[in-house]
Amino acid sequence: MSVSHGRPKEREHPLGGTARSAKGALMGGLVVENLRIEIPVAGRTLVPVDGVSFRVETNECVALLGESGCGKSMTALALMRLLPEGARIAKGSVKLGTPAEELFTLPEAAMGKVRGGRLAMIFQEPQTSLNPVMTVAGQIAEALAAHLGLRGAAAQAEAVRLLEAVGLTRGHLTAYPFQLSGGQRQRALIAMMLAGEPEVLIADEPTTALDVTVQAQILELLRGLQRQRGMGLLLITHDLDVASDMADRVAVMYAGQIVEWASRDQIYTTPRHPYTQRLFAVLPRLERRGQRLDSLPGRVPPPDSVFTGCRFAPRCAAAFSRCHEEIPAFHEAAPGHFARCHLAASPAWQAASPDSQVANPIFTSRGSPLAARATILEVRNLAVHFPIRRGLFRRAVGSFKAVDGVSLSLHAGETLALVGESGCGKSTLARAILRLIEPTGGSVAVAGEALAGLSGEALRRKRAEMQIVFQDPYASLNPRMRIGDILEEGMAALLPLAAAPRRARVKALLDQVGLPLDAASRYPHEFSGGQRQRVAIARALAVRPKLLILDEPTSALDVSVQAQILDLLAELQVAHGLAYLFITHNLPVVGYLAQRVAVMRAGRIVEEGPVEQILTAPRHEYTRLLLDSAPGGGITARHKRCM
Amino acid sequence: MKPILLWSDALILLLLATLAALLWLARHNEALRDPWRQVMRGRVGRVTALILSLYISIGLLDSAHYVERLPAAPGQPAQYGGEVRSALDGLLTPIRVSVEKTYSAPLAARLYAKESVMGPDGVERRDYPQLKHPGAHLFGTDKVGQDVLYLSLKSIRTGLLIGSLTTLVMLPFALGLGIAAGYFGGRVDDVIQYLYTTLNSIPGVLLIAAAVLVVQVQIEAHAELFNTAAARSDVRLLALCGILGVTGWTGLARLLRAEALKLRELEFVLAARAFGVGHGRILLRHLLPNVMHLVLITVVLDFSGLVLAEAVLSYVGVGVDPGMISFGNMINGARLELAREPVVWWQLAAAFVFMFVLVLAANLFADQVRDALDPKSRGRT
Amino acid sequence: MLNYLIRRVLYAVPILLGVNLLTFALFFMVNTPDDMARIHLGAKHVTATAIARWKSAHGYDKPLFINEQAAGMGKAADTLFVDKSLRLFALDFGAADDGRDIAREIGSRMGPSLAIALPTFAVGLLFYVSFALLLVFFRGTNLDAGGVVLCVALMSISGLFYVIAGQYLMGKLWHWFPISGYQPGAWQFLVMPVLVGVVGSIGDSTRFYRSLFFEEIARDYVRTARAKGLSELRVLFRHVLGNAMIPILTGVVVVIPRLFLGSLIIESFFGIPGLGSYTIDAIQAQDFAIVRSMVFLGSLLYIAGLVLTDLSYTLADPRVRLE
């Protein structure tokens, strides 16, 4: 085993001995040692988590940070002994409280007392994590009965107290989950989990499914509860900004192992593992505009790999021969700062890290000033209203205004970011512009020609000029078609090309988006999310569009993959003079990529302007709220504005 | 001999040709070959596939029909006639022609019923007479002395036909209407939903009974069209398959409608629409291939249900022609004999066992197919 | 909510009309009254007058849709369609070929049908759901695996086998119950048909409920319930069963009204004078008047089932109740 533990005596534990909680007191909390999870599948054994050790003390927040598939959620479920069927804890120990009690050897009945009692957990999906046919009161009462033995009026009173603690009211007791918003559901879930007065609360991506303004509120609530109750908080997240706002200490996970473990300040000022460094380097920011984002080549090794050296070595710019031959120990590179890298302690790592973005190529050749270029998209007062039908004969009694009088314009080679939270109508707007949904009012003109009057063949021909890339890389490619056929579909429908030149163009497109040529004869399931998104971009480019609508093209991707896609988009824009309508909820991406920003809320554009002005000096109150809610600014700084 | 092509034989050939063509088209498709490999990797998959192919071979042998050449004087043009036989009949000639007088127990040497026999001493007594072919009947003989093993083997073709031809009739309705309802929505959906709610609202057996009665009347009214008994029962069998198919598409159609409803919102369908790809092409290239796993799973599952349904329908009197050899008719003919003493059990037992093995194999095979095609379902059912 | 129900009830009208048209087409257009008369008169060479006499005796001597001879409203009203088909809407079923009143017959036969069908339904549902819950509770163990194999084996056996084996073993061999027959209020006659009916569906139904429970057990809220520290039994009964009630109701409530029709096979094998055996006798005697009536009644009860299903949703699913 590569994990270098000290002697098992607790005071000398490498993870606990030096890194203490904010108050310096060494309390019970949760100690995880050498956790290994195995999933036997058809003769092979997958090892999603391999030798993970860390500790969460009471009264501190620890962030377990990592990209998808690194094993962070598996780790959390293992601590609760709630692993999905098929996965098993192969090795390791989890101790909770003082005196430390080993959880992995407890009988199931005793573990039931711990679960939701001393150790509780909240989940990512507030939509599905609550029982849809039970009231909030009923679901809280269950936990109270199980752990405190409370029933009847006493339970009722305690439930109200819990709801108030999470910012809900007595009125929410009788509500069913479908009557609550996403944020309220997450609050109700937290209330349930607080019922047993946990020593440690595990929060598995608690805000990933929420809008940024709601996310800020929930994070603040969690941080507040953690401090106020003196409990430990283990926050599982993929978001560096969220971790930075919340955590006292951070553990960075890669390929089933913790590769770096230190206090938040140490990690964010002097990351010592090349992977952590790369994670920072790939983040898009306003200040990195025009620069190529650093990228992380290759893929995470599959969970059944056999390692002879460092797991990150194949993707590491600083790797040298020892990295491939010897598994690096998890050692203390600086006081309280642990890393799993041969170079962590030596100064060599700094030289190897591509720290300065100055070295990267910068996109400056943006051509003539925007105003002088052709207008590609002109949207005037566009409206999409859906009738609301009620009553015996389903008569329309009103309408839901998904898009309510939106005007936009976009020039060749320009990127306009359309920012808004879920349900604001931004995706409906995109579909209405392309006439995938019929607008109920207003006009759209692409390259000077109005779409409204077009039909049949004329509309079909026009479709070559405007294309779209969707969010979900899995749903956007037909799993039963080869990549080559997917790319040819649009050409066959819209371009007057014979079969041979079409195939030649498929090759050219694959090359342009950085995919191997043999991809044409393969099926989508053989590709990763980022590669699929490249295919989707190539598919849209195949018909030589002037306007590309990008509907959250990177929000389903990991940050390292996001950087690659953003780089690709920037390159393609320069090469083809494409106009991008970039729909997103992610403000840092906007700052990096867009020239202008339109902020959308409830079907209307509330503010529009150049990106620097909107992001630094917003005029509209809602824009300010969005900016303030974005993680990365620290929690307390915006305390008053969010509540 | 002269080959005879009954209508059902022609449809079987058509079915085989379609299957062969599909296999030829899919031979390089990894996405389709993978699940099959997975089915064949497991022991259950291999054994059930073997049993099913055994049954299918028997059914196919029983579908190669011919009539014998009648003995004719030399110089005369050849005369054909007599019963329509199949290759299976030819193979089974020894047990087919070894007919006894009436019931006899499995491997018995003597008849089930007493008769007046002349003893060796010349005195006439009531006794169980010696069989003409003692020990030759593995499963005994039936009321008219036919070999039960022969009857069981002949029943296989009927069962398989009902299972497969019904599917052939049902598929176009289920695929076309189900996918169209889900994809187009609106008025199209309303009309199709109305259609299947109406069909569903009629109790299944009654609808089938009503239709079969009508067909029966029509066959009787046009008896001159069918020159042999085989042709007549063949048409009735096809009519039954047609009726089962026309009334049986609603379940799958509903499933496909729900799936198409989900698929049409998926982004690859939107992307195709953004290219102006026509509805027909979208249905064919994007929807159909993505529901085929559901279709396959349902078809294999339905098959066993149909084999069992034949027995029940034949019992009710709206199944296959009473003169046709089938599991249902075998059971029907023997169930009253349970009251006799000693019990005549072998005919029932043979029919149930042959049917059970076929249906069990089909059910287990269906589970394997489902696990391979729909990994989410694994371990659930 | 009320509006929704009213709409569902109104929706029943076109469906029943469709059923009517379909059966009318089958029985009167494909199969003309002349064909019917010929079958009933039996002989090969029936005279045209004999056919005409039979038709007028049974009320089949009218045109299909339009009566040219009648005056005014009679043009449309005095036709076979109105006489034989639309009258069903008023539950006026007319007379069977043997002259007996169908409505009266139905009324007297509902009792025996229900006496078998209702206990079969209730006992069956309870047994299948409990058995499925048991398998789910022991999921991943040999008990579950064995249970599933048993279910597949049971569902591969012909329904006729259960009837015949039951009669032979419990009736003839062990003399537990009478082999067949029926007397109002005599429970001995009910036990075997009910038992056979329940056993006959163990395979199908248990498998179905088991897969429903498995679908629910994989959901996030079940994980939440476990994370709260609830016992496996409570998770299973309160959360899994509570949510699975919705799909269970969809399948179950819709068949409740149909219980009146009884079971064709069971009633005919066990000699129960219910609607099932009435139907089967009608089919075998080719009495189309009865078959048509039963088709209409079946559809009516099915639609009643659909409305009941909607109603039951409002009880089981707060999302429907409160929207």
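In the predicted model, strand 1 (residues 30-41) and strand 2 of chain A run antiparallel and are joined by nine bridges. One of the pairings in this region sets V41(A) against R44(A), its bridge partner in strand 2 of chain A. In general terms, the strands of a sheet pair through backbone hydrogen bonds, in either a parallel or an antiparallel manner.

Strand 17 of chain A is held to strand 16 (residues 441-446) of chain A by two bridges in the antiparallel sense. Here V446(A) stands opposite E449(A), a residue of strand 17 of chain A.

Contacts between chains were examined next, beginning with chain B and chain C. In this interface, 49 residues of chain B are in contact with 48 residues of chain C. The size of an interface is often expressed as the accessible area lost when the parts come together. Chain B and chain C bury about 4100 Å² between them, and carbon and sulfur atoms account for 72% of that area. One salt bridge is found across the interface of chain B and chain C. It links the side chains of R207(C) and D367(B), with an N to O distance of 3.0 Å. Seven residue pairs are in polar contact between chain B and chain C, counting pairs with both residues at pLDDT 80 or more. On the side of chain B that touches chain C, at least two residues each are supplied by helix 7 (186-201), helix 8 (204-221), helix 12 (279-316) and helix 14 (346-373) of chain B. Helix 8 of chain B gives the most to this side, with 12 residues. By class, the side of chain B that touches chain C comprises 30 nonpolar, 11 polar and eight charged residues.

The contact between chain B and chain A takes 17 residues from chain B and 24 residues from chain A. These chains bury about 2000 Å² between them, 56% of it on carbon and sulfur atoms. Of the area that chain B buries against chain A, 35% is supplied by E267(B), A274(B) and F275(B), more than by any other three residues. Zero salt bridges are counted between chain B and chain A, whereas 10 residue pairs are in polar contact across this interface, both residues being at pLDDT 80 or more. Helix 11 (267-274) and helix 12 of chain B are the elements that give two or more residues to the side of chain B that touches chain A. The largest share, seven residues, comes from helix 11 of chain B. The side of chain B that touches chain A divides into nine nonpolar, five polar and three charged residues.

Key. Residues are numbered from 1 along each chain as its sequence is written. Chains are lettered from A and ligands numbered from 1 in the order in which they are written. This is a predicted model: local features need pLDDT of at least 70, side-chain atom pairs count only at pLDDT 80 or more; totals for chains, interfaces and linings use all residues. Side-chain values use heavy atoms; hydrogens and water are left out. Two strands pair if DSSP finds at least two bridges between them. Helices (H or I, at least four residues) and strands (E, at least two) are DSSP runs, numbered from the N terminus. Contact means heavy atoms within 4.5 Å. Buried area is the accessible area (1.4 Å probe) that two parts lose on being put together, summed over both. A salt bridge is a side-chain nitrogen of Lys or Arg within 4 Å of a carboxyl oxygen of Asp or Glu. A polar contact is a pair of N or O atoms within 3.5 Å; within protein, one must be able to donate a hydrogen and the other to accept it, and residues adjacent in sequence count only if both atoms are side-chain atoms. Ala, Val, Leu, Ile, Met, Phe, Trp, Tyr, Cys and Pro count as nonpolar, Asp, Glu, Lys and Arg as charged, and the others, Gly among them, as polar.
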